[in-house]
Amino acid sequence: MSSVALHSMTTWLTGVMIGAMVVANSALAVVPVMATPEDVSIDAQAAAHPFPHYWEHMFGSGRAILSLRESWRDDLRTVSSVTSAAYVRFHGILNDEVGVYTEGPNGESVYNFSYVDQIYDGLLANGVRPIVELSFMPAKLAQAETRHSFWYRPVIAPPKDYGRWDGLITALARHLVDRYGIGEVSQWYFEVWNEPNLDFWAGEPKQSTYWALYEHTARRLKEVDARLRVGGPATAQAAWITEFIRHCKEQGIPLDFVSTHVYGDDPPEGVFGSKAPVPRREMVCRAVDKVHAEIKASPLPDLPLLMTEFNATFLNRSEITDAPFMGPWLAETISRCDGLVQEMSYWALSDVFEEAGVVQRPFYGGYGLIAAGHISKPALNALALLHRLGEERIPSAVPQSLLTRRKDGALVVALWNYTDVDTAGVPRTVRLQFTNTRSHTAMVERVDREHGNALLEYARLGAPRYPTRAELARLRSAASMTLPTSMPLTGTSLTLTVPPHGLVLITLAAARDKRAL
C-alpha cells in the first residue's frame, strides 16, 4: 500500500462524520426509473469451465504484531467463517517490536523468535497459514536508520552487512521448519519485502539493490530446504515483472511465484506507462492481464501469479471501502480476472490497522472488511455472497453477471449494478430465463444500501466517534446479512431489480429426482 494514503486518512478522519451521513442517506439518491428488462438465458446443463475461487483464499493485514490482539483474531475468525480464507499476509515480521534481532555486547547477532512463534501459532490455531512477507529491517541490522512515514515507523534501509542478513534468514527459516515441520512450512509462501519500487525501500538504485536483497534471501531459504517457496518482487503498480523474472532466470536465482500489487485508483502511467485514464472498475484486472501476459512471455512462463494486495482504492475513502459500492466492484473484478491469476489477496481483512495511527472512529475509509468495533462492512457481506458461487462458470456475454453451477447441480447467479463513485445511477432490471431445470423457486440474497450496510444506522446515531456498547450492538445488527428471500419463478423466469451499488445472488437448488428416492 502506498504511503500517499497517510495524508488521505488524516483528511478523512476529520471529515468522516459528514461523509458517512452523506453516503448513508444518498447511496446516491436512487432515481426510480424502470428500465427495460435485460434478458439473461441460463441453461442448467450448459457446458462450463472450472471456476476456482481465487479471490477468497488470501487476505492482507496491517502488520505482524497486531495479530496478537484478540480483536484482530475475532475479525479473522469472522472473515474465515464466510470465505475460504487459507492465508494471511502482513508487514513487519522482522520489525523491532517483534524482537527478532538485536546484537550482543561484542557485536554478535542475537535472535529471538518468541513473538514470531506466538504470531504464527495464532494463525495456525485459527485455520490459516502465513504468507511470510520478510520485512522490514531490524534497526540494529540496518545500513542507516531510514524510516518510513507509517505511524509505527518501520526501518526501510538495506542491511549493513549481508552476512548478518543471511544469518537471520537462515536462522528464522530453520526455526520455523524445526517448530512446525517441513510438511507444514512448505505450504507457506515467503515473499521478499514490500513494494520496493516505492518508499518502502531505501536502497539506491532501487531495482538493483532489491535484486541483491532478493537473491540473498531466496538462496538462504532454499539452503534450509529446497521445498520452501519464495517469490517477489512484491511491487506496487504491477511493476518490474519482466525484468525481475529475466534477472532470476539469467542468474539462476530461485523463484517459485511472482507477486505484485495493484489498486483501482493507481496512476495509469505507473501501471501501464500511459497517461490514458483507466476506469476504477477496469484497473485491477487490466493490470492482472498485463502481468499474466508478461509471465507467459517470460523465460519462466509457468510461474504462478499472486496479487498479494488489491483493493478499489489505496486512499481512505469512506464512500468506497466502507460502503455498498464494494459489492459490485468486487463482483466485476472477480468476473474480469477469471483465468488470469492464481490468487488475489484483498487488502485488508480488518481495520485493526495502524499505518496512520490508532483508529479514531469506526468508519473512516479503512481498508478492512470489518470496521473497528467488529462491525462488518458491505465488502465482507459481498464476499460472503460471492463465496456461494459455484465451482463451474457458465459462459455468458451479458455484462455484470456471473453464471455458475455448484457440484451438487445448483445454479448460482450473481448480478450487480456497478455505478461510479459519487454517481446516482439507475436501477437495473434483469429477467432470468432458465432452461433444463425443474426448480420452481429461487433463493435471493442482497447487499446494497438497505441490506448488509451499517452506514445508514451510523448516520441515524449521529456518526458517533466512540459508539457505546448499545450503539455497537445496533451497528452490528444493521451490518448483518438478512435471511434469503424465497421467490417463485414465473414459468421458467425470474425478474429482479438491482439498485445502484447493489449485488444480488440467486440460487436455484438442484431438483431431486424422485425416481432415485
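Biologist: Where does Phe 136 lie?

Modeller: In this predicted model, Phe 136 lies in the loop between β7, residues 129-134, and α4, residues 162-180.

Biologist: Which residue does a cis peptide bond join to Phe 136?

Modeller: That residue is Ser 135, and omega of the bond is about -15°. As background, most peptide bonds are trans.

Biologist: And the backbone nitrogen of Phe 136: which side chain has a polar atom 3.2 Å from it?

Modeller: The side chain of Asn 95 has a polar atom at that distance from the backbone nitrogen of Phe 136.

Biologist: Where is Asn 95 found, then?

Modeller: Asn 95 belongs to the loop that runs between β4 (87-91) and β5 (101-103).

Biologist: Is Asn 95 buried or exposed?

Modeller: Asn 95 has a relative accessible area of 5%. Buried means under 20%, so Asn 95 is counted as buried.

Biologist: What does Asn 95 touch, leaving out residues up to four places away in sequence?

Modeller: Asn 95 touches Arg 63, Ser 135, Phe 136, Tyr 152 and Pro 154.

Biologist: Let us turn to Pro 233. From which residue does the cis peptide bond to Pro 233 come?

Modeller: The bond comes from Gly 232, with omega near 5°. Pro 233 itself has its place in strand β9, which covers residues 230-235.

Biologist: Where is Ala 238 found?

Modeller: Ala 238 is in the loop between β9 and α7, the latter spanning 241-251.

Biologist: What is phi of Ala 238 near?

Modeller: Phi of Ala 238 is near 55°, a positive value in a residue that is not glycine. Most residues other than glycine have a negative phi.

Biologist: Is Ala 238 buried or exposed?

Modeller: Ala 238 is buried, because its relative accessibility is 0% and the limit for buried is under 20%.

Biologist: What about Asp 422: what is its phi?

Modeller: Asp 422 has a positive phi of about 65°, although it is not a glycine. Asp 422 lies in the loop between β17 (411-416) and β18 (428-435).

Biologist: Is Asp 422 buried or exposed?

Modeller: Asp 422 is exposed, because its relative accessible area is 58% and exposed means over 50%.

Biologist: Now the whole chain. How many helices and strands does the chain have?

Modeller: The chain has 14 helices and 22 strands. Buried residues make up 59% of its 517 residues.

Biologist: Why does the radius of gyration agree with a compact globule?

Modeller: For 517 residues, a compact globule would have a radius near 24 Å, and the chain has 24 Å, so the two agree. The C-alpha atoms fill a box of roughly 80 × 50 × 50 Å along the principal axes.

Biologist: What share of the contacts with a separation of 6 or more comes from residues 24 or more positions apart?

Modeller: Such residues account for 75% of those contacts in the chain.

Biologist: How far apart are the mean positions of the positive and negative charges?

Modeller: The mean positions of the 49 positive and 56 negative charges are 4 Å apart. As for the accessible surface, the chain has about 19500 Å², of which 52% belongs to carbon and sulfur atoms.

Technical notes: Residues numbered from 1 in each chain as written. Predicted model: local features only at pLDDT ≥ 70, side-chain atom pairs only at ≥ 80, totals over all residues. Heavy atoms only, no water. Helix = DSSP H or I, 4+ residues; strand = E, 2+ residues; numbered from the N terminus. Rg over C-alpha atoms; globule rule 2.2 N^0.38 Å. Buried < 20%, exposed > 50% of the residue type's maximum accessible area, 1.4 Å probe, protein only. Contact = heavy atoms within 4.5 Å. Areas by Shrake-Rupley, 256 points an atom, 1.4 Å probe, with all protein chains shown as cover. Lys, Arg positive; Asp, Glu negative; His and termini not counted. Charge placed at Lys NZ, Arg CZ, Asp CG, Glu CD. Polar contact = N/O pair within 3.5 Å; in protein donor to acceptor, adjacent residues only side chain to side chain.
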